[in-house]
Amino acid sequence: MIEVIDLNKVFDNGFEALKSVSFTIEKGDLVCLLGPSGCGKSTILNLIAGLLTPTGGDIKFAGSSVVKTEPKDRNIGFVFQNYALYPHMTVLENIMFPLTVGNKKVSKVEAKAIAEEYMKLTNIEELSKKKPGTLSGGQQQRVAITRALVQKPDVLLLDEPLSNLDARLRLKIREEIRRLVKEVGITTIFVTHDQEEALSISDKIILLNEGVIQQNDDPQNLYLEPANLFVAQFIGNPIINVLPVTVQNGQMTHSLFEIPVTLFSDDNLKQEIQDGQYFLGVRPEDVMPVELGKGVFNRPILTVELIGRERILNFDGDKMRMKSIVSIETDLNEGDTTDFDFNYKKVFIFKENGERIH
């Protein structure tokens with residue numbers, strides 16, 4: 001188990017990268033640190049690895065603090081964005097290398113046997129005699145992961161490991177990473193800014209912004225139950241529709257519509273919707289075209305995007321572009337005008353400060 005307790009990091013230039021960050025990762029879990037550039041996710045990884053020293057707080061492995069433990073003594077495997085392979089060594093030599101140095105070094109014969117065992121696990125035996133410079137990006141990534149795994153670390157850290165790969169290869173490698181770490185049973189922390197990547201492979205996602213955890217949850221819950229407006233806008237593709245609305249005398253108004261607040265399910269209401277300014281968040285799949293005369297607003301369709309089995313209808317939401325996801329069989333095209341309504345059980349309501357109340 002990894003425990004991060006009130007972790008704080010202020011750099012020499014005064015920049016506060018992390019602000020009292022706390023979370024726990026269970027043994028064997030694959031957890032993604034997700035967020036925009038500069039949110040603090042790589043800083044957390046480097047603090048756990050011992051490459052940086054925290055300004056405050058603690059990091060514990062299996063109940064024992066490692067803040068004062070040297071990186072080499074933390075039993076961590078680290079896979080970097082640029083792979084960091086030795087160009088003059090063969091693939092086999094690269095993978096054997098960490099087994100032949102340090103306090104836990106083994107004989108070359110044993111190192112070779114262990115390396116070959118893990119190369120079978122990652123399906124790179126045929127690359128054994130090749131140099132890194134002759135390999136594709138995907139092959140280099142497999143080698144880097146194998147080299148980290150042979151050390152049998154307690155924790156595997158991966159910092160944006162797929163960012164240099166093309167889209168199709170990223171999909172394949174991330175599936176392999178999940179299979180591998182689960183097969184080996186290793187606790188893994190995976191840093192990415194790609195929400196699709198995080199959603200597809202994680203047991204848990206820790207979403208950060210400006211050095212603060214916004215939500216630490218199951219992947220599905222980040223989408224279905226966002227803690228605040230930032231989470232709702234960061235998770236989801238296409239992005240959620242966010243409409244500024246006014247609530248007064250039990251009515252919610254926008255330039256396009258006026259609807260009674262009673263339409264929203266009381267079951268999910270975290271607090272009473274009082275008069276004031278709010279944001280209404282509606283996922284594109286919950287903006288539904290309906291028969292003329294039966295919707296809450298009427299708009300012409302500007303463009304239609306095809307995305308496999310579905311289509312995205314784009315329309316003007318008065319000073320903002322809105323989206324509706326519909327089945328590919330839906331007979332609506334560019335230039336058509338239709339009524340729209342919302343799935344009121346699945347909309348979100350946020351205060352002006354981003355706090356979610358529904």
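Reader: How many residues of helix 4 are buried?

Author: Buried means under 20% relative accessible area, exposed over 50%, and partly exposed in between, with a 1.4 Å probe and protein chains only. By this criterion 11 of the 13 residues of helix 4 are buried, and the helix is mostly covered. Among them are Gly138, Gln140, Arg142, Ile145 and Leu149. This is a predicted model, in which local features need pLDDT of at least 70 and side-chain atom pairs count only at pLDDT 80 or more, while totals for chains, interfaces and linings use all residues. Residues are numbered from 1 along each chain as its sequence is written, and side-chain values use heavy atoms, with hydrogens and water left out.

Reader: What span is expected of helix 4, and what does it reach?

Author: Helices (H or I, at least four residues) and strands (E, at least two) are DSSP runs numbered from the N terminus. The expected span of a helix is 1.5 Å times one less than its number of residues. Helix 4, residues 137-149, reaches 18 Å from its first C-alpha to its last, close to the 18 Å expected.

Reader: Which elements pack against the buried residues of helix 4?

Author: Contact means heavy atoms within 4.5 Å. The buried residues of helix 4 pack against strand 6 (76-79), strand 7 (155-159), helix 2 (91-96), helix 3 (108-121) and helix 5 (167-184).

Reader: In what order do the six strands of the open sheet lie?

Author: Two strands pair if DSSP finds at least two bridges between them. The order in this open sheet is 6-7-8-3-9-10, with mixed pairing. Strand 6 and strand 10 (212-217) are the edge strands, each pairing on one side only. Neighbouring strands of this sheet are turned by 15 degrees against each other on average, direction ignored. Helix 5 packs on the sheet, where it touches strand 3, strand 7 and strand 8 (187-192), and its direction makes about 135 degrees with that of strand 3. Such angles run from 0 to 180 degrees between N-to-C directions, the axes being lines fitted to C-alpha atoms, for helices over the stretch in contact.

Reader: How many residues of strand 3 are buried, and which way do they point?

Author: In a regular strand the side chains alternate between the two faces of the sheet. Here Leu30, Cys32 and Leu34 point one way from strand 3, and Val31 and Leu33 the other way. Five of the five residues of strand 3 are buried, so the strand is largely enclosed by the rest of the structure.

Reader: Which bridge partners does valine 31 have in strand 8 and strand 9?

Author: In strand 8 the partner of valine 31 is isoleucine 189, and in strand 9 it is lysine 204. Strand 3 pairs with strand 8 in the parallel sense over five bridges. Four bridges join strand 3 (residues 30-34) to strand 9 (residues 204-209), and these two also run parallel.

Reader: Which strands are joined to strand 1, and in what sense do they run?

Author: Strand 1 (residues 2-10) runs antiparallel to strand 4 (residues 56-61), with five bridges between them. Valine 4 stands opposite isoleucine 59 in strand 4. Six bridges join strand 1 to strand 2 (residues 16-25), again antiparallel. Strand 1 and strand 2 form a hairpin with five residues between them, and glycine 14 in the turn has a positive phi of about 95 degrees.

Reader: What are the volumes of the largest pocket and the largest cavity?

Author: On a 1 Å grid over the protein atoms alone, a cavity is a set of points where a 1.4 Å probe fits but cannot get out; a pocket is an open set with protein on both sides within 12 Å along at least five of seven lines, and lining residues have an atom within 4 Å of a point. Grid points are joined across faces, edges and corners, and a volume is the space filled by probe spheres set on the points. The largest pocket has a volume of about 910 Å³. Of its 28 lining residues, the closest to its centre are Pro71, Lys72, Ile76, Pro98 and Gln151. The largest cavity has a volume of about 40 Å³. Its lining consists of Thr122, Arg142, Ile145, Ile173, Glu176 and Leu180; helix 5 gives the largest share, three residues.
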